[in-house]
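Have the viewer open and follow along.

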Amino acid sequence: MKKGLIFSGLLCAAMWLSASACSASGNNPENPAGGGNQTTPETPSSPVEPAAGTLRADGQTDTYRLITSSGFNYETPDTSGEHASNPFTHITQSWDETLKSYVFDFHIHVDNDDDRGLANVTDRQRNEIKTDAKSPETMVGQPGEQMVFRWKFRLPEAMKTTTKFCHIHQIKGIDNSAGNADVGNPVITFTLRTTSNGKQQIQVIYVGPSEDNTGNVYLGRTDLAPLLGEWVEVEERITFGTEGSYAVSIKRISDGRELLSVAPVAQNMWRQGTTGMRPKWGIYRSFGTGGELKPQLRDEILRFADFEIEKR
């Protein structure tokens, strides 16, 4: 009897050590080729059911299930190109030592990833989360409604940009069932760009309704360098409607410095035919016609955390 008890105890100990070794392994969160969730000893004992409009990484819930259960949706190139035979998870979770919490890693591969698998789109790539027509009404803007969007993000050190667009945030309309709403262009973008003098900027850009032909209206822009490799927090306030308004503040978490702000400004924050206005986050970038700009780019991982959508 004693021998059996000793053997059982040794077997349980061996199984526990094996499980611990497996959970301690994982991909380097800074490795652009890596996928899958990372774990640390601080993983919570059980996942918390998220509230609609609040999206926080927890390090253990399947990332896409966590996104959709919070009222969001996603568009990823998981099966594009070489990923077709071996799908790659383009939004993962990892532990961040600065925030002391789990965060979302948005992966993009310059030589493989595309834009939603669309065969006729060959100059750009996308990896984003968003709200849409399936989201709760509390997460989609309607005329006369005020909404506040809050989140954090961290751009990679020495991130590469070009003179073409690289959007990391958009406010855009939701198309109607007839497919004829004025939703071709986003209303607001946070755009990373290399300017004609070779400097990198982050730009907050407004584009008016198609009939107004406004082109890009730069509400705010600043050097990108102070953001690279740093966590920043964003608060964006929008009143939706033809007589709407827009304001935003971006602050660096390490020292509280405000790096970019747009004071409340009156703008047409609605689009004809749309069923609602919604936010998008991630990376949506051009690599040029025929891939001509690919040599200027590289694989990147952009980190996002603590999404909050509030309707007032």
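The side chains of D78 and H90 are joined by a polar contact of 2.8 Å, where a polar contact is a pair of N or O atoms within 3.5 Å, one able to donate a hydrogen and the other to accept it, and residues adjacent in sequence count only if both atoms are side-chain atoms. D78 also makes a side-chain polar contact with Y64, at 2.7 Å.

A word on the basis: this is a predicted model, in which local features need pLDDT of at least 70, side-chain atom pairs count only at pLDDT 80 or more, and totals for chains, interfaces and linings use all residues. Residues are numbered from 1 along each chain as its sequence is written, and side-chain values use heavy atoms, leaving out hydrogens and water.

Where does D78 sit? D78 lies in the loop between β2 (73–75) and β3 (91–96); strands here are DSSP runs of E with at least two residues, and helices are runs of H or I with at least four, both numbered from the N terminus. D78 is buried, meaning under 20% relative accessible area with a 1.4 Å probe, counting protein chains only.

Now move to strand β7 (residues 166–173): eight of its eight residues are buried, so β7 is largely enclosed by the rest of the structure. β7 pairs with β14 (residues 277–286) in the antiparallel sense over seven bridges, pairing requiring at least two DSSP bridges. H167 has Y284 as its bridge partner in β14. β7 also runs antiparallel to β8 (residues 188–194), joined by four bridges, and I171 stands opposite I188 there.

Stepping back, the protein has two helices and 15 strands, and 49% of its 312 residues count as buried.

How values were computed:
Buried means under 20% relative accessible area, exposed over 50%, partly exposed in between (1.4 Å probe, protein chains only). Lys and Arg count as positive and Asp and Glu as negative; His and the chain ends are not counted. A salt bridge is a side-chain nitrogen of Lys or Arg within 4 Å of a carboxyl oxygen of Asp or Glu.
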